[in-house]
Amino acid sequence: MLNYDRLSKKPLLFRSFTGLELSEFDSICQEVESKYPEYEIKRLSKRKKKERTRSIGAGRHFKHSVKDRFLMLLVYYKLYITNSLSGFLFDLDQSNVHRDIRYMEPVVKSCIPLPQKLYNITRRLRTVEEVEVYFPGLKAFIDSTEQEIQRPKDKRKRKNYYSGKKKRYTVKTQYMVNKEGTILHKSKSKKGRKHDYSVYKDEHPITPPNVENYYDLGYQGIEKDFPDLKAVLPVKKKRNIELTKTEKRYNKKHSRQRVIVEHTICRIKKFG
């Protein structure tokens, strides 16, 4: 059975499974454990008094300690495993895994600082000075990424979620980041079959008029469809026609700047 005592003896595995160092985990867990009793009383007190027949604290208790349940939540987030596999690793029933994770999430969120949603702020920017704060160099970088999911049981869903690019069943998410790698906008998850540009047309961030938006070749046609947008794309090579040295230098410069969004997506996938 997987638990804190066993996994903490192997620090490299611990970081690989949770995304945190042992010292980081211990520090956060200490805060979670201190807040948990108050949170649990508040959660149980939400039920109406008429429906409650026993006092708070009676009944079936959780099998694992708060520390091990926190560990299970991080392993689930980091590795994106099924509840069945989590139950096998932590010696729990599948339904108990779902319940433990659902009950632990609110108290963990109160202890770990979550990224601030900046998109509503960036839409209201007016002066150049305000824009520069969130868009250093007046540049934004936009790209989509895919996350593998389990094979859907429904045949129609299988067709919609199958990505021809990844050759897997996926969901697609679009991000906008600034020059420093700060995420300014995230779209809702879309079906893996959908093209990056189709996702953009359905749900795209609105940037200030003086900000340059950098895209890859998957967003061809954006200059025609959004003429008021400052879109910056690389030069596409035509069939049987080589790019000139100037065009190659331009593409290289474009890639060097746009790579920040790739690095940000990489950090997200590594739970960094």
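Q: Which residue stands opposite Y175 in β4?
A: In this predicted model, Y175 has K186 opposite it in β4. Another position in β4 is H185, the bridge partner of M176.

Q: What makes β3 and β4 count as paired strands?
A: Two strands pair if at least two bridges are found between them. Three bridges join β3 to β4 (residues 183-186), so the two are paired. They run antiparallel. Five residues lie between them in a hairpin, and G181 in the turn has a positive phi of about 90 degrees.

Q: How do you know that β2 and β3 pair, and in which sense?
A: The requirement is at least two bridges. Strand β2 (residues 162-163) and β3 have two bridges, in the antiparallel sense, so they pair. S163 has R168 in β3 as its bridge partner. The two strands form a hairpin with four residues between them, where K167 in the turn has a positive phi of about 60 degrees.

Q: Which other strands pair with β3, and over how many bridges?
A: Strand β1 (residues 139-148) is joined to β3 by eight bridges and runs antiparallel to it. Within this pair, Q147 stands opposite V171. Strand β5 (residues 190-191) pairs with β3 over two bridges, also in the antiparallel sense.

Q: Why is strand β3 called largely enclosed?
A: A residue is buried when its relative accessible area is under 20%. Eight of the ten residues of β3 (residues 168-177) are buried, so the strand is largely enclosed by the rest of the structure.

Q: How do you know that the reach of helix α6 is close to what is expected?
A: Helix α6 (residues 94-109) has 16 residues, and at 1.5 Å a residue the expected span is 22 Å. From its first C-alpha to its last the helix reaches 23 Å, which is close to that value.

Q: Which residues of α6 are buried, and what do the buried residues pack against?
A: The buried residues are N96, V97, R99, D100, I101, Y103, M104, V107 and V108. Their packing partners are α3 (22-44), α4 (66-79) and α5 (83-90).

Q: Why is α4 called roughly perpendicular to α6?
A: The axes of α4 and α6 come within 9 Å and cross at roughly 95 degrees. Angles of 65 to 115 degrees count as roughly perpendicular, so α4 is roughly perpendicular to α6. On the α4 side, V66, R69, F70, M72, L73, Y76 and Y77 take part in the meeting. On the α6 side, the residues are V97, D100, I101, Y103, M104, E105 and V108.

Q: Which residues have the most contacts inside the largest nonpolar core?
A: They are F25, V32, F70, L71, F90, M104 and V107, in a core of 28 residues. At least two residues of this core come from each of α1 (4-7), α3, α4 and α6. The most is given by α4, with seven residues. Apart from this core lies another, of 17 residues, among them A140, M176, Y200 and A231.

Q: What is M104 in contact with, leaving aside its neighbours within four places in sequence?
A: Its contacts are V32, Y36, V66, R69, F70 and L73.

Q: Why is D91 called partly exposed?
A: D91 has 42%, so it is partly exposed. It is placed in the loop between α5 and α6. Most residues other than glycine have a negative phi.

Q: What makes N240 count as exposed?
A: Exposed means over 50% relative accessible area. N240 has 74% relative accessibility, so it counts as exposed. N240 is found in the loop between β7 (231-232) and α12. Phi of N240 is near 65 degrees, also a positive value in a residue other than glycine.

Q: Why does H263 count as partly exposed?
A: The relative accessibility of H263 is 43%. That falls between 20% and 50%, so H263 counts as partly exposed. H263 belongs to helix α12 (residues 245-269).

Q: How far apart are H263 and G181 in sequence and in space?
A: In sequence they are 82 residues apart, and in space 7.8 Å apart, C-alpha to C-alpha. G181 is the residue in the turn of the hairpin formed by β3 and β4.

Note on methods
Residues numbered from 1 in each chain as written. Predicted model: local features only at pLDDT ≥ 70, side-chain atom pairs only at ≥ 80, totals over all residues. Heavy atoms only, no water. Expected span 1.5 Å × (residues − 1). Buried < 20%, exposed > 50% of the residue type's maximum accessible area, 1.4 Å probe, protein only. Contact = heavy atoms within 4.5 Å. Core = buried A, V, L, I, M, F, W, Y, C linked by side-chain atoms within 4.5 Å. Axes fitted to C-alpha atoms, helices over the stretch in contact; angles between N-to-C directions. Parallel < 35°, antiparallel > 145°, perpendicular 65-115°, else oblique.
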